[in-house]
Amino acid sequence: MPDSAHDVIVIGGGIAGLSAALHLAERGLKPLVLEADARFIGGRLAGGDEIEVGGWKFRLEHGVHGIWSQYRNFQAMLARHQLRPVFVPSQEELWIYRDENSVRSAPVGTAIRHSIFPAPLHYLHLFLRPSFLFTIDVRDWLKLFHTWSVLVMSLGVDPYAEDQPMEGHMLGEYIGKWSPALRAFFTGLARNGLSTHADQIPLAGFLAFLRFYTTLRRDAWAFSYLPDDGGTSLVEPLAKRVRDLGGDIRIGKRVDRLAGEAPQWTVECGSEFFTTQQIILAVDSAAAEVILGNSFGPNNLYFPRSLSNAIVRLWFDRSPHPGPESGMFTGNFVMHNFFWLERIYVPYRQWHKATGGSAIEVHIYGPDETLAQPDALLLAQVISEFYRAYPELRGHLLYQHLQHNAAVHTLPSLGPSDRHPGIETAWAGLYCAGDWVRDPLPAFFLERACGTGIKAANLVLESRGLAGWPLLKYLPPEPFAGWIEKRMRRGRERIREKRRRI
Amino acid sequence: MLPNLVKLARSDRHLDPRVAIYYVTGQCNLNCIYCEDFGARRNGNNQRPLPLEQVMHILGIIRGGMDALFLTGGEPFTHPDIDSIVLRAKTELQFKELTLITNGSLLHLHEVVLQGLDRLVISLDCTDPLPWSKIIGMPLPTAQTILSNIRKYAALQSKYGYRMIINTVLTPEVLPAAPSLLEFCFENQLLVSFSPQAVNNWPRYELAVSTEYSNFIHELLLLKQKGAPILGSDAYLQTLCAFQPYDCYPALAPRIYPDGDLSYPCRPLEKAGNGQGGRDVNMLHVQDWATAWKLARQTYGQPPRSCHSCFQQCYAEPSLMQAQPLALLHEWLRYPASRETNLSTYTPG
């Protein structure tokens, strides 16, 4: 017997789905959210099980920590509902670089976001820092302009807004001639942001990433940390708010397929059936591909890749030397970034205050063969390499934990406009939301999930004659970056015009 | 200002405090809907006001570290000794810049304080008492009294030598009436400052997506450049327009609660209570300001090097002034109205 008491069914209880459901519920609709996970709502922001270390309990999670200044709609949504926690300000980020012979490090984050040079020259501030200069060599100086010119490419092209998929072009092609340290630095940034090796990062995704997070404005790099795991500090209060407003959230409901068409959709979920007029498909890219494939048969649709990763957490009985609370590993390291949890999360702060201990979380963004290693081997490799960067902690390890995250992390890319699903789909009454969805929004990850969720909700509201929710605008480029952007676009238009004439 | 500029030039962002904000009392006779301070009358657990001598001890400690003082609340005029507090702060402690922030409803009962003040800040969101009283949840006669007091004491500015500043919290509800409020201020020779309503340490959504709001802020910038007595640096107003991030230096303007607790390093971090800040240092238990500040730093660490974790416009103005002195100087030279603006003329929320 189908359950049909729902105005709209939102498939997926991550940020995209909860954002959509919240905005629908605020307008008086009664959305039903179906979440596949049997225990935790929230997708990549969900909280997880607790583990015990020395009598103290710590909650596991996917590993999302940063809330960037450009996550404007996400923060506005939380604030409107009094759900925005007091974030932990970021202080500094450390770049740790290991080549064949040595491990060097330099604090880089504040030099970028507080640079004395305007965007897009702001990275030059790094060269005023002695520690950065010690990390690079003469080859980097010789290739400086070459490296910068690729970064400036991101000013000239806005892949999302201009609909430029740049098909077949990967980041790896453009950095082959870069010098070792600068290549390590920027591919490290790309890997931390986009979670895979440069050879697998689509150029369009990389350029859009640069535009959103760094090249247009210095303060785009400003961010804060969640004060606790994503489930506790964000998603669970958000889900409660959806319920308080009349929405329904059910976990452990993995949707198999959709049947019918507007105005009578049926959502098949194991042996359960739900009927509704409208559906918002807010699952990750891989799951969307499966559901749409099951529902409508073989298709030619384009779905951005979903990536897996691994997270290692290490607890020590003492603290490392003072230094930045987070950063990235580049060069010959198996891991790619790190967060000192006792400087970020409340439970870890309390533990640190009581015991003097410290805990680090490191992320490993592939490659697949690394992630496929036996856990013990991977852990041993991480710990061994970690001691190269923090030798003072050798012999002080209390506990270790390795967690494999499923392949749900979107690799941002842009497919052909006729194949890459947007918020509106070819099927009436079926909308998509998520960070993988094709849309001119310049945003990434949480902000993109939230923004597309709101847009999908707006389409539903509009179809019912209800007022939508305007999105906040993103900040414009700094004046110099904006000037370069205009000049480059005008140049591209002229070239196109010439070609047309020829 | 100079030592802090030297620190900024050396990338040392742990700046020295410049102005102190003392909450004379947590009590208030109103219950404005946008007030996030003490919950005013909504909170029945407010402590009794501190005796005069203890307040003076706290102010004495503060004077050891700063020349400028804001007295605020709650509603400062609900403190039984407010007249003495103001006059003694000026005559005995000799604060160079003394500002009182009030809702203005009880001002006529305390005219004597005007002798001690350099600035008097009154909150006013709308010049029509009926809609204003409805919008912020205040009895109509109170709104009428406030407007009457503003008119009366605006006329006495030159007699007593203080400047009256109207502080307006822009909400979507009062925005349509903001132009007439400006007119009112110009007519009565009042300085006026604006701040957007914040919800959950973030600009209210309806303002952030409102073209009417951003147009009004643009209008303020233009009026200011034409000489209108509008407070707020250009940088501040531009920040309010787009709600762009700014480097926040909350330690420039430390806040002290009625019982003497120092809120460190800023109210949001202190109130979060998650180890980043707190109120464990009390002015009644220390010998001097330097000790109090050092103790707070030892307890909670240095203030954040830069913080974009909230959007508290009351910290924005001093932070921007301190960080962009050349922009401020440029304004001073270009528009006479800007010469009224300095680190002591902003209005802490």
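This note goes through a predicted model point by point.

1. Confidence. The model is a prediction, so start with its scores. The ipTM is 0.91 and the pTM is 0.94. In chain B the average pLDDT is 88. At least 70 is reached by 93% of the residues of chain B.

2. Where the chains touch. On one side, 24 residues of chain A take part; they contact 23 residues of chain B. Three elements of chain A give two or more residues each to this side: α2 (72–80), β6 (88–89) and α13 (346–355). Of these, α2(A) gives the most, with four residues.

3. What that side is made of. Look at the residues of chain A that touch chain B. Twelve are nonpolar. Seven are polar, and five are charged.

4. A buried strand. Now turn to chain B and find strand β2, residues 68–72. Five of its five residues are buried, so the rest of the structure largely encloses this strand. Check both faces. On one side sit B:A68, B:F70 and B:T72, and on the other sit B:L69 and B:L71; all are buried.

5. Its partners. Strand β1(B), residues 19–23, runs parallel to β2(B), and five bridges join the two. Strand β3(B), residues 97–102, also pairs with β2(B) in the parallel sense, over four bridges.

6. The crossover. How does the chain get from β2(B) to β3(B)? The path goes through helix α3(B), residues 82–91. This β-α-β crossover is right-handed.

7. One residue in chain A. A:I383 lies in helix α15(A), which spans residues 375–389.

8. What A:I383 touches. Leave out residues up to four places away in sequence. A:I383 then touches A:L314, A:L397 and A:Q400. Another residue to check is A:Y399, 16 residues from A:I383 along the chain. The C-alpha atoms of A:I383 and A:Y399 are separated by 11 Å.

Technical notes
Residues are numbered from 1 along each chain as its sequence is written. Chains are lettered from A and ligands numbered from 1 in the order in which they are written. This is a predicted model: local features need pLDDT of at least 70, side-chain atom pairs count only at pLDDT 80 or more; totals for chains, interfaces and linings use all residues. Two residues are in contact if their C-beta atoms, placed from the backbone, lie within 7 Å. Ala, Val, Leu, Ile, Met, Phe, Trp, Tyr, Cys and Pro count as nonpolar, Asp, Glu, Lys and Arg as charged, and the others, Gly among them, as polar. A residue is buried if 20 or more other C-beta atoms lie within 10 Å of its own, exposed if 12 or fewer, and partly exposed in between; C-beta atoms are placed from the backbone. Two strands pair if DSSP finds at least two bridges between them. A crossover is right-handed if, with the strands pointing away from the viewer, the path from the first strand over the helix to the second runs clockwise. pLDDT is the predictor's confidence in each residue, from 0 to 100.
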